[in-house]
Every structure is written in C-alpha cells, then in structure tokens.
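Please examine the sequence and the three-dimensional structure shown here before reading on.

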Amino acid sequence: MSEKTLIHRSNEAVKKEVSSYNQLYEDANSIDKRKDEYKTLVTNYYSLATDFYEYGWGQSFHFANRFRGETLAESIQRHESYLALRMQLKPGDKVLDIGCGVGGPLRRIANLSGAHVTGVTISQYQIQRAKAIGVPANCQFIQGDFMQLPFEDNTFDHVYVIEAACHAPEKAKCFAEVLRVLKPGGSFVGYDWCITDKYDKDNRDHRETKRLIEEGDGLPDLKSTDDLVVDLKAAGFTVEESRIIPEGDIPWYQPFIGGDSYFSLANFRTTTIGRWFTRNMVWFMEKTKLAAEGTIGTLEILEKAAVGLLRGGQTGIFTPYFFFIARKS
C-alpha cells in the first residue's frame, strides 16, 4: 500500500469517504440514487480501494481464466494480450482504455503493440498513482468520465475496456460516448462484469450475492450479459462477437480461496487467511495512527466484495469476463 493511505491521508478525509460511500448502499432499493451519484460513488471507492488493490493484486485490477502451469500473473498478462490481438493493433494506432486504473493493462498493451494508448479514469488518485509508477513514451493518463469523454469525435482507431463498464450508471450512454470518439471501422473490445443466465431474481441467495458484489465493488447496478449486448446495439454498434470466456483449469475466483503457494505474497494476500492477516495489520496500524482512522472501514467494504465474488463464481451466477467485440460502421 502506498504512503498516502497509510500515513499522509487525514482521518477526516478517509472517514468522510467511507461514510459517503456506505450511505449509498443503506437502502437496498437505492439503485436510482447510486446511478445519480455515480461520480461520487466510483471516485470514493477508488480513492479508498486502489492501494489495497495494488497490495493484493498488483497493477492490473482484473481477473482472468487460468490454465494448469500458469501463475496468476501470467494468466492476467495473457488475458490483456488477447485484447491487443483481437484489436489487431499496430504501431501508430491511437487507442483508448476507458477505466484504466493505475495502468497495468495499458502499459502492457502499448508495449506489445507499439500503439499509442490513452487511459481515462474518473479517479484523480489513480492518475497520481499511474504517473508515479511511470508513463511510457507511447502512453498517457487523463482524468475523465467515460460518460462524457473529453475527446473530439472520431479520435481513436480502437477502444477497449477491462472490467470497468460495470461502473457506468447507464451502459448504453457510456457506449454511445465510445462510439462518438471511435473512428469509422474502429473496434470496441472488452471484458465486463455481468450476471449470467443462471441468476434467478426470485432466489434470495442470488439477490444477496449480487448485492455484496455491488456494495463491495462500487457498482450502481450489476446487469446481465444480454443487457450488455442490447446496450451496445442501442448505442449504434454492430456486435461481432459476445461470449463468456471459457473457464480454464483453475477457476478465476481461486485467489480468494487459496491453493497456490503460500510462500508467494501475491497469492497469500487475497486468500481468506491473507485477508484476515491484512485486516489485523491494518487494525493495529489504525490504532497506532500509522493508518488513517477509517481505513479498516475500507477493508470491510472489500471483504463484502470478496465474499460476493466467491459466491458468484462458485454458483455460476456471475462472470467477471463477458467478452465482446463491437464495431463502428
């Protein structure tokens, strides 16, 4: 975790962000409020969660299908490289990453392809972290809202998104913005979080799992795979391919339950035991004022995410990587 969360952030700032975030989930039926206040919701979430994501996950904040013999890091790198392949990127292409986080996938795709990749995130803190990590010559990071992209029409050859469109209050409007900035003939490629056709809205356990994922991950309303395709078409895209990526030999949710070498910190930190250890470490640091007061509240939010994601994966009612390729005519 970076020094900003552990030392330099004020108690009041962290407590205010945690309180504001939690208020948006106090009422299970407050979806409209979360949509209306999505900027506050998502900005606060990533101000609070980014350091913990880096601590437990690295610079690429996403899941991946995984095969026997692959490390978690290798599967994540392959998952990112697949997007570059499907976009058929070449040196000189102008590419946009919407919801870029701290830029792990962006740097990899730019390095692999030689394309110029621009990353957009609504979080100013993630921009700060991205720049602190490093900005290659063919990359740039811009703070912006993917519901109102700060670019001229027909600017980019290709656009991609990795598990970020789920934060949009209205995906069709987000996708319409992507269509606007994309050049004719350009592709929009990505993975997104969705509920699957196994989800039963009349099943109480399914509804609770969906709620945990939303509340633990800063989502206004988790939508279905079918909804995503409908929204792409409504925005004006031609959808060339859409499917849930097939599971590998190791389920995507394996990091939450362990099974990899416990001698690897990257594997240990995301397990139940690792999260327990982190919680107690942060509790001690908060009590001794090494961490801002309210930091433990962030971990409570993220634990809801872990529980919900694990349940969603094990029951098959949720996927983190519904893949699509869409094109602007």
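Predicted model: local features only at pLDDT ≥ 70, side-chain atom pairs only at ≥ 80, totals over all residues.

The protein chain has an average pLDDT of 89, and 85% of the residues score at least 70. The pLDDT falls below 50 over residues 1-8, a stretch that makes 22 contacts in the model beyond near neighbours in sequence. It is also below 50 over residues 261-265, where the model shows 4 contacts beyond near neighbours in sequence.

The secondary structure of the chain consists of 14 helices and 7 strands. Of its 329 residues, 58% count as buried.

Helix α9 comprises residues 204-217. Its 14 residues, at 1.5 Å a residue, should span 20 Å, and this agrees with the 20 Å between its end C-alpha atoms. After the helix comes Gly218, which has a positive phi near 70 degrees. The buried residues of α9 include His206, Leu212 and Ile213, and also the charged residues Lys210, Glu214, Glu215 and Asp217. Against which elements do the buried residues of α9 pack? Their partners are the helices α2 (11-23), α3 (31-36), α4 (38-57) and α14 (295-315), together with the strands β5 (182-195) and β7 (318-327).

One of these partners, α4, contains Lys39. Lys39 is partly exposed, because its relative accessible area is 40%, a value between the limits of 20% and 50%. Not counting residues up to four places away in sequence, Lys39 touches Ile122, Asp145 and Gln148. Although Lys39 and Asp145 are 106 residues apart along the chain, their C-alpha atoms are separated by 8.1 Å.

Another helix, α7, covers residues 124-133, and its buried residues are Tyr125, Gln126, Ile127, Arg129 and Ala130. Gly134 follows α7 and has a positive phi, near 140 degrees.

Strand β1, residues 94-98, holds Asp97. Asp97 is buried but forms no salt bridge. The nearest side chain of opposite charge belongs to Arg107 and is 9.1 Å away, whereas a salt bridge requires the charged atoms to lie within 4 Å. Leaving aside neighbours within four places in sequence, Asp97 is in contact with Leu106, Val117, Thr118, Gly119, Val120 and Tyr160.

Helix α6, residues 104-113, includes Asn111. Asn111 counts as exposed because its relative accessibility is 67%, and the limit for exposure is over 50%. Asn111 and Cys139 are 28 residues apart in sequence, with a C-alpha to C-alpha separation of 9.4 Å.

Two loop residues complete the account. Gln88 is situated in the loop between α5 (72-87) and β1, and Glu163 in the loop between β4 (156-162) and α8 (171-181). Gln88 is a residue other than glycine with a positive phi, near 55 degrees. Glu163, also not a glycine, has a positive phi near 55 degrees.

Terms used
Residues numbered from 1 in each chain as written. Heavy atoms only, no water. Helix = DSSP H or I, 4+ residues; strand = E, 2+ residues; numbered from the N terminus. Buried < 20%, exposed > 50% of the residue type's maximum accessible area, 1.4 Å probe, protein only. Contact = heavy atoms within 4.5 Å. Expected span 1.5 Å × (residues − 1). pLDDT = per-residue confidence, 0-100.
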